[in-house]
Every structure is written in C-alpha cells, then in structure tokens.
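Biologist: I'm new to this one. Can you walk me through a few parts of it?

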Amino acid sequence: MSDNSPVRLEKQGDIGVIVVDYPPVNALGPGVSEGIIDALNKGNADPDIRAMVLIGAGRSFIAGADIRGFGTGRKRPPIGSRTYDVLDASAKPVVAAIHGYALGGGLENAMACHYRIAVPSAKVGLPEVQIGILPGGGGTQRLPRLAGPKAALEMITSGRHVPTAEAKQLGIVNEVLPDGADLRAAAIDYARRIADIRPLPRVRDLGVTLDDPGIFDATRKAIARRARNQTAPYRCIEAVEAACTLPFDEGIAREAAFFQELENSAEARALRYAFFAEREVAKLPDLPADVKPHEFHAPAVIGAGTMGGGIAMSFADFGYDVKIMDATEEALNRGMERIRANYATSVKRGSLAQDEMERRLARIHPVTGYDDIKDADVVVEAVFERMDVKKPIFAKLDEVVNPDAFLFSNTSALDMDELAAETKRPDKVAGTHFFSPANVMKLLEVVRPSQASPETLATAMAMGRKIGKISAMAGNTDGFVANRSRAPFNSEMVILLEEGCLPEQVDKVMVDFGYPMGPFAVGDLAGLDIGAEGRKRRAAANPNYRKLPIADKLVELGRYGQKTSAGWYRYEKGDRTPHPDPDVAAIIKKVAAEMGVPQRDFTEQEILRRLLFSSVNEACRIMEEGKVYRASDIDVMWLHGFGFPRYRGGLMYWADGIGVREVYNQIAAWHQQYGERWAPSRLLRELAESGTPFREAKPAPFR
Ligand code: 3H9
C-alpha cells in the first residue's frame, strides 16, 4: 500500500481495520483490489492482529467493480489471486461491515469474507445483469450457497437491491445492527468475539440444496419477454445451475468463462453506455456550479385527471404528502377512485402490499379550493393540454400560492414562455413533462423557459429524482425534446402504410427489435383521437405540414383504439389483445389508391430504419438549435419515455452502431425520393463529413 493507496490498514488494538476509501462510492477502481490484498497480507503477517474488518469510508461499503474499467483491456488477476480468493484463503477471520451499498464485486467481496454485519439502511445486490454481464467475482457460486439457489436466481437475474432485513432473512448477512449503531465500533467488537473460532466459516465450504430442479427452466420462461435478444440473463441462470451441480472451483471457472464472453458483448457495451448516460443527464453544465435545488415539503398537483392522478401517486409513492386539487368534488372523487383502482391493480398483481397501498392513499389529500394549496412550495399543474385552459390557472396560482413556490406545468408541447408570462414570477416557472402512466414511466422532461432561474431548474430536476424519475433537461421548442424527436417516427410509421405496409408488419419489426409493444398497438392503447388533435393544430399552423390521411380516416370512423374496441387493430370485448383487422387493411388500400401512392414490399431493415432514422435526423436538428445538452440525453429520454430497448443504448447510440455516414447517405437518398421531410439536418451532414459519431456531437449552447 503506497501512501496514496485508496485502501489503508488501521490497527485498533488486536483488530486490523481495512478501510476502502475511493470516493464517491468505493467502486473497485485502480489500486483498490490491490490495496485490499496488500492490507490482508499485512494483517495476516502481523502477530498483534487477531482478526480483520473490511469497511468502506464515506457513503458506501463497495459499489462494485469499476464499470469504467470494463472493455478497456485492463488486465485482471487470474483466479486464485483475486481479492475474493485472497479473502477466502485468509488465515485470520475477516468481517465485512456494510453500510450504503454492497453491490456486485462489493457483495462478492463481502461474501468471500467470513462474516457479514450491516446497518439497517444498507442494500446488497448483484446488479451485473443490468449492465449486460454476470457476477464475475464468485457471486454466482457463493450466493446460492448462502441464500439458496431460488433466492440467488431471483436476485441475480433481476439485479435488484435487497434491503438489510431481507438479506438477514436470506442468510446473506449474519447480523443487522440496531438503528443508529456505530458500524465501525460494532464490527471491531464482532471481530473480537469471533477472532478465535476455527475452522473459519467459508461460504465456499457450504453445500447447495436444490429442492426443485425445475427452477432453472421456470426462470428462463419467466424472463423470456424482458430478456429478449440478450445473453447475460441466461448466462446468470447457467452459472447458478453450475453452482448446484459442480464443485466450487469448477463453478468459479464456469462463471469466469461466461464473464469473459460477456464483458465486451454488444449488449454489455450498450448497457454500460446507458448507465453513464443516466448519470450524465443530471448535469446542467451551463448553470452556476454552486446552484442548489430548493428542498420542498408541500407539493400540490392541479387537476385530478389521469396525468394529475399519476403525478400525485408519484409523490405519495416516495413518501410525500401531496394535495390534489380539482374544480369540483365530482372530478376529485373520480380522480381519487382512479388512483385507488390503480393501486388496487398493483396489490392484485402482488407488487404492492395492501397496508402500503393504504399508507400511500392516505398521503394524497383531495382539495377543491385554491385556498387549500396556498402554502404549497411546489405546484405541478396537470390540467387539460390547451393554452387557454392552462393560462388562467397559472394566473390564479400566481395570485394565491405562496410567492416563493415554484410553479411547474405538466405540458407535452405548449410554449412555456407564454405560460410563464401569465405570472409575476416567471423566474420560478418551468415545464415538468411526465410520461403516461405518470406513476410508472421514469422520464421527467424538465422544460426550460427563457426566464427560469438556475434554482428553479435545479429544483425541477431534483424534484423528479426525489420521486423516482430520471430528469432530463429540454429546451422550450414545440414537442420539447422527447416528443419532438419522436414525432417523425410517428408520421413515418403511418406513411409506410400508404406505401403498402400493414400495422402488424411494422409492429412485429419493432417488437423483434426490442420494444415491449409495437407502435401501432401503443397508439391504440393511448387513444388515436389524441394524436389527431395535435395534427389538426400543426396543419392549421403550417401549410406544408405532412398530413396523415390514413390516421385521420380511422379517427373519422370512430376507431379511437382500445377504448372503442377498434383502432389500428380490432379488440374482443374485455380483452386487450390486438387482432389484425381486414377492415383496416381495406381502409389503408382505399386511401392509398385515392392518394395514388404506388404499393410495394418492404424489408424489415427498411421499416426499422425508416422509423428510427427520421428521428435521428430530427434529434440532430434539436441539437443544432441548442435545445438539449447532449446526444446521450436524447438516448435517456428514449429509454425511459418510449421503451426503447435498453440493451441497444438509445436512439443515437444505436445509430452510431450503424455509422453516421451510412445514416446520412440513406437519409440523403430518401430526401431525393420523398422530398423535404427527409432533408438532412445541417448537423447530420457535418457529422457525416467529419466522421464524428453522434454521441460526440457538440450541440449549440443551450437556449
Ligand atoms: C461488478 O461488480 C462486476 C463484478 O461481478 C466482478 C468483476 C470481476 N463504477 O449513481 P450515482 C459513479 S459490475 C464506476 O450518481 P447514487 C457514477 O458514475 C458493477 N463508477 O450515485 C457517478 O459518477 P459521476 C456492479 C461508478 O448514490 C458516481 O459514482 N455494481 C460505479 O445515486 C455516483 O453514482 C453496479 O452496477 C461503478 N460501479 O447511486 C452498481 N458506481 O458523479 C452501479 C457508481 O461522475 N452503481 N459510479 O457521475 C449504482 O447502481 C449506483 O451508482 C449506486 C449509488 C446505487 C451505487
């Protein structure tokens, strides 16, 4: 251990305390594993030391291997000389003292220790599958020995963070400390108590009891949908299977081979990219570095419709008491009924406990008067999406609500400057665009009007994070960033029909690509009448607007989607399964004939590229206009707003996989063929000319 090693061995009487100090989360970055091994060797060699404690400095135990080191060709020590092996072989006992997070390689090191104690707030887990790999530090072999194969399978294939109490129940930790206990002192005491126990309890020596050999196939079946097109989840299962059938060392060798296979797979690279993109998106580089978000305690939501209800649920789900206001008792009652029904569905599905549902419901306080919300510190307006409806509400809110409160609007397209101008506090106004269903979808698009103060923007971003969202900043442009970049995709999918595609054909391509549902089936779920409104507004404003006669025709015929049992598909009563509808095929044929569009066949690749390239081009325009900070923010929006398959990284990352020149050439060819809607953006052309990947594009300064 050199002086600047991230690991130190501190002697406290007869106990050696190995402190990992590698901020912010003690990932196993350069020097950390080496430091731990060094400290262990020193501790074992020191005759005064009887036992050791492994503990993390700062906010966490160890958050896992350094993800930045993956795929860089960094050499890893061979099996036998890794921290896990050295801990396991230590002649003196080691107690892992866990607070914060023990994830991935962090938990694997803890499981290679002889004992584990934890504070109640700690979380443990093996989240590797979420970055396209499997636990490679013995986790797939030790966890089944500690917790049993069933629990291990569940934890390793989901990657979920397990709270301490559950970890104790599962046998992963030996002892949970009382609330407020001093972890270091308790771990030293514990180490003194167990110092002389021999033989040392080693997890590798435990047997594995497999009660039900069917669990592996059952898990394969259960994850088939979400693990589509991916390898890592299946390797996780195979590795746990190996733990049940092979001796420990052979299981470890199998795990290491899988790890090597996966580390640089396309899915692992894309998932790592997504992990860092999700952290980058929180950074607002043009705001003063010292700007702090305002702490809020009294949120209020205006409007008890579907969106307002979902937003109120989001606050309640994360422990906030929230007021929800609507103009009439009747609307409020309807809104509260919907909220109750949504929670009840989660209870029925088993994802929410009944008493937790009651606690959450009790945090949502329905009110009818502005007077009831005058003390709110953040207000999220979520009334009908029309400027003439929202404007008077903003003016009224400004008049009655505490002058320090922030006023946010859940709008998906309206001009936030116009709305801010209704108030005498335009510096405290911003857009907060939730995605439907608001209590489920992770994306919060924070829309930045020109007068919003840095504190307002930081507060809106932080508010999203506090209620479990991933907040992303967007410029104030029609459709903002997420929907604006998605709009050409929505048009192109209908235009494809004019040329001879069928909705089910397009949907199949997109589902095979990795979307949970095809875009036409999603359209039916959301309601086709909603898009029709927006098209009318845009057509009125822009004579060159590309109309979508087939979509308009369906709406004209009253085919609004699932709610009318007919949309792009037909539906049986009480069933949400979309069935291809010959009537729709006939409508498409008729409209196409009236338009005089020649019919032809499409390859799957052409369908995919027609939809996604159109959006890539628009995304470049958005960057060109300075409406977003980075290409990766657009990727985060597509991952969390639109269900883009995470293992493909996001729209722009996926396009980089094809290559900026190829994307440009294809778009330029379609420009020739289809006209102006495919005109390549300036930024796209420049990137293609210089061979710069999309993810390195430099958007114009944010405005
Ligand atoms: C593994 O362990 C493989 C093994 O099986 C063995 C291999 C042989 N690496 O998220 P935050 C950074 S795979 C590098 O904002 P939070 C993060 O980028 C690993 N960097 O904080 C950010 O940096 P910046 C298994 C990491 O409190 C900063 O730390 N482990 C890592 O909201 C703060 O992060 C995982 O997959 C890392 N492992 O959440 C856990 N972790 O400030 C991944 C964090 O520059 N990490 N950073 O933007 C997490 O899930 C969350 O970070 C955690 C904290 C829950 C720990």
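Modeller: Keep in mind that this is a predicted model. A place to begin is a helix contact: Thr140, Gln141, Pro144 and Arg145 in H4 meet Ala239, Val240, Ala242 and Ala243 in H9.

Biologist: What's the split into nonpolar, polar and charged for the contact of H4 with H9?

Modeller: The residues there divide into 5 nonpolar, 2 polar and 1 charged.

Biologist: At what angle do H4 and H9 pack, and how far apart are their axes?

Modeller: H4 covers residues 139-147 and H9 covers residues 232-245. They pack at an angle of about 60°, and their axes are 8 Å apart. H4 and H9 are therefore oblique to each other.

Biologist: Left-handed or right-handed crossing, H4 over H9?

Modeller: H4 passes H9 in a right-handed crossing.

Biologist: Switching to the ligand. Which residues come nearest?

Modeller: There are 29 residues around the ligand, and those that come nearest are Arg59, Gly105, Glu108, Glu128 and Arg279.

Biologist: What does Glu108 do with its polar side-chain atom?

Modeller: A polar side-chain atom of Glu108 sits 2.7 Å from an oxygen atom of the ligand. Lys283 also has a polar side-chain atom by a ligand oxygen, at 2.8 Å.

Biologist: New topic. Where does Glu295 lie?

Modeller: Glu295 is in the loop between helix H11 (266-280) and strand S12 (299-302).

Biologist: Which residues does Glu295 touch, leaving out those up to four places away in sequence?

Modeller: Asp377 and Lys466. There is also a C-alpha pair to look at: Glu295 and Met463 are 168 residues apart along the chain, yet their C-alpha atoms are separated by 8.6 Å.

Biologist: Last one, H24 and H25. How do their axes cross?

Modeller: The axes of H24 (residues 604-624) and H25 (residues 631-642) come within 10 Å and cross at roughly 135°. That makes H24 oblique to H25. H24 passes H25 in a right-handed crossing.

Biologist: Which residues make the contact?

Modeller: From H24, Leu612, Ser615, Ala619 and Met623; from H25, Ala631, Ile634 and Trp638. By class, the contact of H24 with H25 has 6 nonpolar residues, 1 polar and no charged ones.

Biologist: Why quote both an angle and a distance for helices?

Modeller: Because two packed helices are described by the angle between their axes and the distance between the axes.

Methods:
Residues numbered from 1 in each chain as written. Predicted model: local features only at pLDDT ≥ 70, side-chain atom pairs only at ≥ 80, totals over all residues. Heavy atoms only, no water. Axes fitted to C-alpha atoms, helices over the stretch in contact; angles between N-to-C directions. Helix = DSSP H or I, 4+ residues; strand = E, 2+ residues; numbered from the N terminus. Parallel < 35°, antiparallel > 145°, perpendicular 65-115°, else oblique. Left-handed = near helix turned anticlockwise from the far one by under 90°. Contact = heavy atoms within 4.5 Å. Nonpolar A, V, L, I, M, F, W, Y, C, P; charged D, E, K, R; others polar. Near = heavy atom within 4 Å. Polar contact = N/O pair within 3.5 Å; in protein donor to acceptor, adjacent residues only side chain to side chain.
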